[in-house]
Amino acid sequence: RNIRTWLIAVVTLLCSGMMSASDFKVGNFSYSILSATQKTVSVSEGTSGMIPEKVTYNGSEYTVAEIGRYAFSETSISYFYLPETIKAIRENAFGFTAMESIRIPNSVEIIEGGAFWCSDVKKIIVGKGVKTIGHGAFYKCENLDLLIFLSSVPPSHDSRNYKIGNNNTELIVPRKFKLYRD
């Protein structure tokens, strides 16, 4: 009987951890722990565009390593600051937002599909570290006037439905942009 009670308690704890959208909240943000050993977290929700590099919770300091799925989707935040600790921008992280511009830091390696889906963004600067851009990351960003890539090596991308911005979107790439043509 004690073993049964213990097993029920363990299963309940495990299930409650899997079902929660975030592990903790500090200030204007909710966070999900990515790695307890590496002390990294993902922003799972927020009401401010000034994302911190680090956050302290229960005496432990965590590095903010990614913007989670749907973290800012459908918010009216117009400006975002992403610190150099961010490695990934997950699916629909900024979908349907009112943002005006964003600079993706050099530390970001992946921008998942639909990351900026239908946002009002007008200007995006993509840092040198981006290696992969997912399907439709900038799809239906109809106000996008300027998209700047800083890397001389174009990121790999899913070519299906890879429409960027609108017909007037200006794409700026480094001088050695022969690779971007392919």
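**Entry 1: ground rules**

I call a residue buried when its relative accessible area is under 20%, exposed when it is over 50%, and partly exposed in between (1.4 Å probe, protein chains only). I am working with a predicted model, where local features need pLDDT of at least 70 and side-chain atom pairs count only at pLDDT 80 or more, while totals for chains, interfaces and linings use all residues. Residues are numbered from 1 along each chain as its sequence is written, and side-chain values use heavy atoms, with hydrogens and water left out.

**Entry 2: salt bridges**

I began with charged pairs. Side chains of opposite charge can pair when their charged atoms come close. I counted a salt bridge when a side-chain nitrogen of Lys or Arg is within 4 Å of a carboxyl oxygen of Asp or Glu. That rule gave me 3 salt bridges.

One of them joins glutamate 66 to arginine 90, at 2.9 Å from N to O. Glutamate 66 sits in strand β5 and arginine 90 in the loop between β6 (88-89) and β7 (101-104), so this pair ties together parts 24 residues apart in sequence. Strands here are DSSP runs (E, at least two residues), and helices are too (H or I, at least four), numbered from the N terminus.

Is glutamate 66 buried or exposed? I found it buried, at 11% relative accessibility. Arginine 90 is partly exposed at 22%.

Next I looked at glutamate 91, which forms a salt bridge with arginine 69, their closest N and O atoms being 3.2 Å apart. Glutamate 91 is in the loop between β6 and β7 and arginine 69 in the loop between β5 and β6, so the pair links parts 22 residues apart in sequence.

Arginine 90 also meets glutamate 112 in a salt bridge, at 2.7 Å from N to O. Shared partners join Glu66, Arg90 and Glu112 into one network.

**Entry 3: threonine 63**

I stayed in strand β5 (residues 60-67), where threonine 63 is found. Its side chain makes a polar contact with the side chain of lysine 54 at 2.9 Å. A polar contact is a pair of N or O atoms within 3.5 Å; within protein, one must be able to donate a hydrogen and the other to accept it, and residues adjacent in sequence count only if both atoms are side-chain atoms.

**Entry 4: cysteines**

How many disulfides does the structure hold? I found 0 disulfides, taking one as a pair of cysteine sulfur atoms within 2.5 Å. The sulfur of cysteine 118 has its closest cysteine sulfur in cysteine 141, 7.3 Å away, too far for a bond.
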